[in-house]
Amino acid sequence: MVAIHVINGPNLNLLGRREPETYGHASLADLEARIAKRAKALGVSVTFMQSNHEGALVDAVQAAGLAGAGVIINPGAYTHTSIALRDAIAGVGALVVEVHLSNIHAREPFRHSSHVSPVAVGVICGLGPLGYELALEALAPLVRSRTGSGAQTSS
């Protein structure tokens, strides 16, 4: 079974409470339930992780990439600052789709650049929770192609 790790960065644990006009009213648990339901329909195994700590996110990316799993990542504010996350993705050759609930290009200028985008296979922003589902649908066949059989499992 194809394995995909959904990694969420800083402040995403506050979804539903933090700036709902920007990030919506769904909690992180609501978002994870929605992704898990779509993953089941696609025959994909998902693992969820959220951290406010850059090193923990780097560790999670490395573990997923080394296991051959795909990665859906919303690095939060680390999108714009973390060369370490960029290097972790490139270092393990992880198949990554970068996702943002809001349209980062329609927000403050400092949010317009991403260190992750250049090493991601794709970027989805501005579509709210649907962006994660679209990332899942796009990433699953890419992971299947890389593994040749789709037999990779989560670690």
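Biologist: Which side chain does His100 join in a polar contact of 2.6 Å?

Modeller: First, this is a predicted model: local features need pLDDT of at least 70, side-chain atom pairs count only at pLDDT 80 or more, and totals for chains, interfaces and linings use all residues. Residues are numbered from 1 along each chain as its sequence is written, and side-chain values use heavy atoms, without hydrogens and water. A polar contact is a pair of N or O atoms within 3.5 Å; within protein, one must be able to donate a hydrogen and the other to accept it, and residues adjacent in sequence count only if both atoms are side-chain atoms. The partner of His100 is Glu98.

Biologist: Is His100 buried or exposed?

Modeller: Buried means under 20% relative accessible area, exposed over 50%, partly exposed in between (1.4 Å probe, protein chains only). His100 has a relative accessible area of 5%, so His100 is buried.

Biologist: Which residues does the UniProt annotation "active site" cover?

Modeller: The annotation comes from an unreviewed entry. UniProt positions are in the numbering used here, feature names are shortened, and annotations may be inferred rather than shown by experiment. The record covers Tyr23 and His100.

Biologist: What is the largest C-alpha distance in this set?

Modeller: The two are spread over 78 residues of sequence. Yet they cluster in space, and the largest C-alpha distance is 9.3 Å.

Biologist: Which side chain does Tyr23 join in a polar contact of 3.5 Å?

Modeller: Tyr23 is buried, with a relative accessible area of 12%. The side chain that Tyr23 joins is that of Arg18.
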